[in-house]
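Thanks for making time this morning.

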Amino acid sequence: MKRFGMICAAALLSLGMVCCGQSACFAQDADDEDAVEVEMIEMDEMDVDEDAPEPSDDFVVPEKGTPDEYRAFIETVMKTPPKTQPASEEDFVKMLTARFGVCAQAAEKIMADPSATDQQYMEAVEIRLTMASIAARQSEDTKAILAAVESMLAEAKKAKREAAVAQLTMMVQMVKLQAAASEGKEAVQKELTALMAIMDAKEKLEAQDLQMIMSAARLAENMVDEAMALEIYKKYTEKAKAAMPEAGRAFEQAVRRLGLLGNEMQIAGKSLEGKDVDVKNLKGKVVLIDFWATWCGPCVGEVPNMLEMYKKYHEQGFEIIGISLDDKDDLDGLKAFLKQRKIKWDILLDADTDLEGETLSDFYGVQGIPAMYLIGKDGKVISMNARGEKLKELLEVQFPEK
């Protein structure tokens, strides 16, 4: 059965990512100021193919059937085009909720059947987890999703499904971690430690484990401190490389990014105006490095404050280098935005940058924008979150009134 492109851990942890107190964008169409990263299902996976059934929105779970028959039913539900294409994200979520609700009922039938194979059982678990994550995202009811996952865990234990027990045990811990985000740093740290203990007991990490570790590290960075997040990434980098080279690369990038504090940052390239830009040539000045894009609401929201700080401190030695993640095919739109906002500092197009074969955003593992780093007069990073009031406070220290 097609796995529908979903990663349940990311869907669950997405609820906790807004707890850091600042919004960020993670996708080019995420222009909402409270955008969060959710990997659940791609729109193009709902595309109609030649063998697709007739459009329908009415599905009834068969009372009786074999695991194979229920799997076929679930696949039909997910392949069937809707009678009316969703006109908005809200409509799309409603359609998904209805369809996954039906699929979750079929999944319950599979899990209750002793003849189901381990693969069929695990697929059924994933479908129910996804339904629970969708419901939780809408209601923000952590207790409800925790109860749902714990219920599935109890079912798996009773059925002696070891693989499902292992995955659901981790999922329970992930939900507890998400809930701890509202209780403060100490609670988050406690649940992170418990989750890492579960991971340490595993001989080999799977893709879902790596996704959970990355989500947990992000929460650690937002709710505890960069040092703990760095420790998590370092601890599992080699295991990530062994399990999935691409994941190992992402871990290495995160280690590089989180290790920037107190160290120099390599930023160089040609500006949109063709000027050679290199942060090394700006030693003795305070430099703000801003990864951003015009399509990112929170990024645009930072511009007025940046303009104010630039006007106030530029003559004293404050510089800004913007690294735009805009599409290189829309340079006219980017330039029009810069002109309209009267932005005078140098802008590099991330797609055209190259540092050891990677763009600057990839090299430094930028996971969301705006990502704003402040470099001191000695050329070393003094802040990895120089946004809003924090930027003002940092610059007041760097440029004290005489």
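Let me begin with a term: a residue is called buried when its relative accessible area is under 20%, exposed when that value is over 50%, and partly exposed in between. Please also keep in mind that what you see is a predicted model.

With that cut-off in hand, look at strand β6, residues 371–375, where 5 of the 5 residues are buried, so the strand is largely enclosed by the rest of the structure. In a regular strand the side chains alternate between the two faces of the sheet. Here Ala371, Tyr373 and Ile375 point one way from β6, while Met372 and Leu374 point the other way, and all are buried.

β6 and β7 form a hairpin with 5 residues between them, and in the turn glycine 379 has a positive phi of about 85 degrees.

Now to β4, which brings us back to β3. 7 bridges join β3 to β4, and these two strands run parallel, with valine 287 having glutamate 319 of β4 as its bridge partner. How many residues of β4 are buried? The count is 7 of its 7 residues, and both faces are covered, with Phe318, Ile320, Gly322 and Ser324 on one side and Glu319, Ile321 and Ile323 on the other.

Side chains of opposite charge can pair when their charged atoms come close. The side chains of glutamate 319 and lysine 285 do meet in a salt bridge, at 3.2 Å from N to O. This pair links distant parts of the chain, since lysine 285 sits in the loop between β2 and β3 and glutamate 319 in strand β4, 34 residues apart. Lysine 285, at 32% relative accessibility, counts as partly exposed.

A second pair to consider is glutamate 358 with arginine 256, whose closest N and O atoms are 3.7 Å apart in a salt bridge. This pair, too, links distant parts of the chain, with glutamate 358 in the loop between β5 and α13 and arginine 256 in helix α10, 102 residues apart. Glutamate 358 is buried, with a relative accessible area of 13%, whereas arginine 256 counts as partly exposed at 28%. Both belong to a network of salt bridges that links Glu246, Arg249, Arg256 and Glu358.

A local case is found in helix α3, residues 89–111, where lysine 94 and glutamate 90 lie 4 residues apart, about one turn of the helix. Their closest N and O atoms are 3.7 Å apart, and they form a salt bridge; glutamate 90 counts as exposed, at 53% relative accessibility. Over the model as a whole, the count comes to 21 salt bridges.

Asp327, Asp329, Asp330 and Asp332 form a negative surface patch. Aspartate 327 is found in the loop between β4 and α12, and it is partly exposed, with a relative accessible area of 37%.

Lysine 160, in the loop between α5 and α6, has a positive phi of about 55 degrees although it is not a glycine, and it counts as exposed at 72% relative accessibility. Lysine 342, in the loop between α12 and β5, has a phi near 60 degrees, likewise a positive value in a residue other than glycine, and it is exposed, with a relative accessible area of 65%.

Conventions
Residues are numbered from 1 along each chain as its sequence is written. This is a predicted model: local features need pLDDT of at least 70, side-chain atom pairs count only at pLDDT 80 or more; totals for chains, interfaces and linings use all residues. Side-chain values use heavy atoms; hydrogens and water are left out. Buried means under 20% relative accessible area, exposed over 50%, partly exposed in between (1.4 Å probe, protein chains only). Two strands pair if DSSP finds at least two bridges between them. Patches are made of residues with over 30% relative accessible area and no salt bridge: like charges are joined within 9 Å, nonpolar side chains (Val, Leu, Ile, Met, Phe, Trp, Tyr) within 5 Å. Accessible areas come from the Shrake-Rupley method with a 1.4 Å probe; for residues, only the protein chains shown count as cover. A salt bridge is a side-chain nitrogen of Lys or Arg within 4 Å of a carboxyl oxygen of Asp or Glu. Lys and Arg count as positive and Asp and Glu as negative; His and the chain ends are not counted. The place of a charge is taken as NZ of Lys, CZ of Arg, CG of Asp or CD of Glu.
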